[in-house]
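Work through the exercises below with the model open. Try each task before reading its solution.

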2 protein chains.
Amino acid sequence: MIFRQLYEPLSSTYTYLIGDEDTGEAILIDPVIATMDRDLAELHKLGLKLAYTVDTHIHADHITAALEMKRAVGSQIAAPAYDRLECADIGLEEGVPLTVAGITIDPLHTPGHTAGHFAYLFDGRVFTGDALLIEGCGRTDFQNGDADALYDSVRNKLFALPDETLVYPAHDYKERFVSSIAQEKKRNPRLGGDISIEAFRDIMNNLNLPYPKFIDHAVPGNLQCGVCPKDLPENLAGYCRQMTQSPQG
Amino acid sequence: MIFRQLYEPLSSTYTYLIGDEDTGEAILIDPVIATMDRDLAELHKLGLKLAYTVDTHIHADHITAALEMKRAVGSQIAAPAYDRLECADIGLEEGVPLTVAGITIDPLHTPGHTAGHFAYLFDGRVFTGDALLIEGCGRTDFQNGDADALYDSVRNKLFALPDETLVYPAHDYKERFVSSIAQEKKRNPRLGGDISIEAFRDIMNNLNLPYPKFIDHAVPGNLQCGVCPKDLPENLAGYCRQMTQSPQG
């Protein structure tokens with residue numbers, strides 16, 4: 001099994017590449033349009049063919065590369081069925097594994113950051129999207145976000161996984177790459193220890209975060225599986241422009 | 001493959017259990033005498049037979065369970081050949097993998113914390129002992145410790161592993177469980193980034209750490225693969241007394 005953790009610096013997004021050496025097939029979890037060429041180069045270098053792109057949710061901070069990858073290399077688009085995206089080839093549901101030539105991922109519905117948010121389990125790892133970040137979690141004030149739902153998703157579903165399960169989030173802003181369920185249970189300041197739902201609600205209601213600068217472009221684009229808006233203001237152009245370098249995580 | 005990260009709270013030591021479901025055989029990396037019964041219970045619960053105990057180095061802060069495990073369940077004692085322990089059944093050397101019914105670990109000589117210190121590579125993980133801790137490293141002022149050697153071991157040998165390699169240290173004192181080579185390259189304040197050997201030497205020469213409280217008992221005991229000293233002072237008795245609870249990592 002081949003595993004790569006790739007990094008997109010503008011939105012601090014981790015894209016995960018999982019490949020099967022025997023079949024030569026691969027999937028990408030949360031690919032970003034700005035680093036699409038880098039990801040394709042990585043697949044090519046590893047001798048892998050992209051079978052599926054898999055998104056954890058409708059992202060608000062970047063545009064998924066799902067549609068452009070499909071156009072470029074014929075990959076299928078997998079996304080949570082909950083969001084009923086017309087552009088998706090397959091809708092993922094909890095209890096229904098996605099199997100691609102040697103790779104099986106198990107979807108877990110983990111609402112709270114968005115209502116349709118999914119995490120994916122694979123081989124002792126959980127790709128937690130924005131539901132559970134290392135010592136943090138995604139915000140709950142857009143896209144039907146719900147602090148109570150996120151508390152339930154993390155504490156009753158993700159924290160119920162074996163302690164050694166590796167936590168691979170969709171983002172990190174402090175150069176952390178990996179955690180474990182045991183570690184987040186102990187150290188997550190928002191959701192770990194014996195924190196109550198009232199205390200978590202209070203934290204999430206008082207984050208005072210700025211309005212997400214790219215959300216008005218990202219959400220409509222991602223509802224179409226990754227369409228870049230036309231006439232993007234120059235200060236946001238990097239979100240859709242291909243990077244010429246190969247920033248690695 | 002079965003993997004468990006177990007924790008001994010008195011010396012904050014992680015013991016790692018690796019088991020093969022098909023053959024039913026297991027190894028323990030750095031088992032601690034105080035949590036030996038807990039580890040045996042875990043093996044029993046998992047239906048595994050302990051084939052080998054494997055130590056990363058001559059520990060100064062706890063006593064290895066290697067000898068007592070051998071007496072209890074007939075496991076073999078594997079330890080760095082460098083230390084020439086008469087009590088060891090097999091001496092591990094770099095370039096010579098240890099294979100136990102489905103489990104292969106690759107020894108890497110990583111001197112600096114002690115002269116004979118080894119790390120072990122297994123399936124995308126590196127068990128780094130006290131050479132590389134999460135955002136830290138072991139001290140270099142005992143047992144032929146050598147800051148220059150540790151700098152070389154970590155930066156030129158461990159940091160040369162693939163970025164995604166999971167780092168599992170022998171200790172953590174802040175409830176962290178796992179890191180990755182990429183993460184330590186970026187975030188380790190002693191050994192990461194572009195730190196020079198002079199700067200690292202300076203850090204290690206100025207730690208001003210207290211004399212290790214158990215070293216005078218631990219090192220002689222571990223040179224015999226884990227013999228508890230007689231007449232241990234009451235304040236240190238816990239190091240050799242079996243824990244009645246089952247503290248999990």
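**Exercise 1. Find the accessible surface of chain A and its carbon and sulfur share.**
Solution. The total is about 10,200 Å². Carbon and sulfur atoms hold 48% of that surface. The areas come from the Shrake-Rupley method with a 1.4 Å probe.

This is a predicted model: local features need pLDDT of at least 70, side-chain atom pairs count only at pLDDT 80 or more, and totals for chains, interfaces and linings use all residues. Residues are numbered from 1 along each chain as its sequence is written, chains are lettered from A and ligands numbered from 1 in the order written, and side-chain values use heavy atoms, without hydrogens and water.

**Exercise 2. Check the radius of gyration of chain A against the globule rule.**
Solution. Take the radius over C-alpha atoms. The rule is 2.2 Å times the number of residues to the power 0.38. For 249 residues, a compact globule would come near 18 Å. Chain A has 17 Å, so the two agree. Next, the burial: 56% of the residues of chain A are buried (under 20% relative accessible area, 1.4 Å probe, protein chains only).

**Exercise 3. Locate the largest nonpolar core.**
Solution. Join buried Ala, Val, Leu, Ile, Met, Phe, Trp, Tyr and Cys residues through side-chain atoms within 4.5 Å. The largest such core has 49 residues. A:Ile27, A:Val54, B:Ile27 and B:Val54 have the most contacts inside it. Beyond four places in sequence, A:Ile27 is in contact (heavy atoms within 4.5 Å) with residues including A:Leu17, A:Leu50, A:Val54 and A:Ile105. A second, separate core of 20 residues includes A:Leu121, A:Phe159, A:Ile181 and A:Met204.

Conventions: Buried < 20%, exposed > 50% of the residue type's maximum accessible area, 1.4 Å probe, protein only.
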